[in-house]
Amino acid sequence: MDRDEYVGLLSAQGCEILVSEDTGRFAPHVDLYLNMLNMQLTYDALRIIGFDMDLMRAMGGEMSFLRDLARAGKIAQGLFVARKNQ
């Protein structure tokens with residue numbers, strides 16, 4: 001779904017849309033997450049997943065894929081504020 005479809009669903013339920021926006025934070029936060037895993041939290045993450053290096057690589061690949069989708073404008077973090085009309 002895109003932002004307009006969410007707005008349409010909210011409106012169809014009698015909501016007044018006060019805010020509907022892409023926060024612009026998703027891709028940068030995925031970058032931050034990947035950097036933290038690669039630079040600081042590698043040991044902690046590996047410990048949590050039982051030191052499974054294949055799983056670590058797979059998870060990193062998935063996060064990189066999500067980051068690339070976000071940079072291409074295919075996924076985003078949306079912010080919606082609506083008020084239900086009485």
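In the predicted model, the largest pocket is lined by 13 residues, among which Met 1, Asp 2, Arg 3, Ala 76 and Gly 78 lie nearest its centre. Two or more lining residues are contributed by each of helix 1, strand 1 (15-22) and strand 2 (78-84). The volume of this pocket is about 250 Å³. By residue class, the lining of the largest pocket comprises five nonpolar, three polar and five charged residues.

Met 1 also takes part in a nonpolar surface patch of about 340 Å², which it makes with Tyr 6 and Leu 9. Of these residues, Tyr 6 is located in helix 1 (residues 3-12). The relative accessibility of Tyr 6 is 40%, and the residue is therefore classed as partly exposed.

Six salt bridges were counted in the model. One of them pairs Arg 83 with Glu 16, with a separation of 3.6 Å between the closest N and O atoms. Because Arg 83 belongs to strand 2 and Glu 16 to strand 1, this pair ties together parts that are 67 residues apart in sequence.

Arg 67 forms a salt bridge with Asp 68, for which the closest N and O atoms lie 3.3 Å apart. Salt bridges with shared partners join this pair, together with Asp 31 and Arg 71, into one network. Arg 67 has a relative accessible area of 17% and is therefore buried, whereas Asp 68, at 41% relative accessibility, is partly exposed.

With regard to backbone geometry, most residues other than glycine have a negative phi. Phe 51, by contrast, is a residue other than glycine with a positive phi, near 55°. Phe 51 is placed in the loop between helix 3 (42-48) and helix 4 (53-71). Its relative accessibility is 44%, so Phe 51 is assigned to the partly exposed class.

Notes: Residues are numbered from 1 along each chain as its sequence is written. This is a predicted model: local features need pLDDT of at least 70, side-chain atom pairs count only at pLDDT 80 or more; totals for chains, interfaces and linings use all residues. Side-chain values use heavy atoms; hydrogens and water are left out. Helices (H or I, at least four residues) and strands (E, at least two) are DSSP runs, numbered from the N terminus. Buried means under 20% relative accessible area, exposed over 50%, partly exposed in between (1.4 Å probe, protein chains only). Patches are made of residues with over 30% relative accessible area and no salt bridge: like charges are joined within 9 Å, nonpolar side chains (Val, Leu, Ile, Met, Phe, Trp, Tyr) within 5 Å. Accessible areas come from the Shrake-Rupley method with a 1.4 Å probe; for residues, only the protein chains shown count as cover. A salt bridge is a side-chain nitrogen of Lys or Arg within 4 Å of a carboxyl oxygen of Asp or Glu. On a 1 Å grid over the protein atoms alone, a cavity is a set of points where a 1.4 Å probe fits but cannot get out, and a pocket is an open set with protein on both sides within 12 Å along at least five of seven lines; lining residues have an atom within 4 Å of a point. Grid points are joined across faces, edges and corners, and a volume is the space filled by probe spheres set on the points. Ala, Val, Leu, Ile, Met, Phe, Trp, Tyr, Cys and Pro count as nonpolar, Asp, Glu, Lys and Arg as charged, and the others, Gly among them, as polar.
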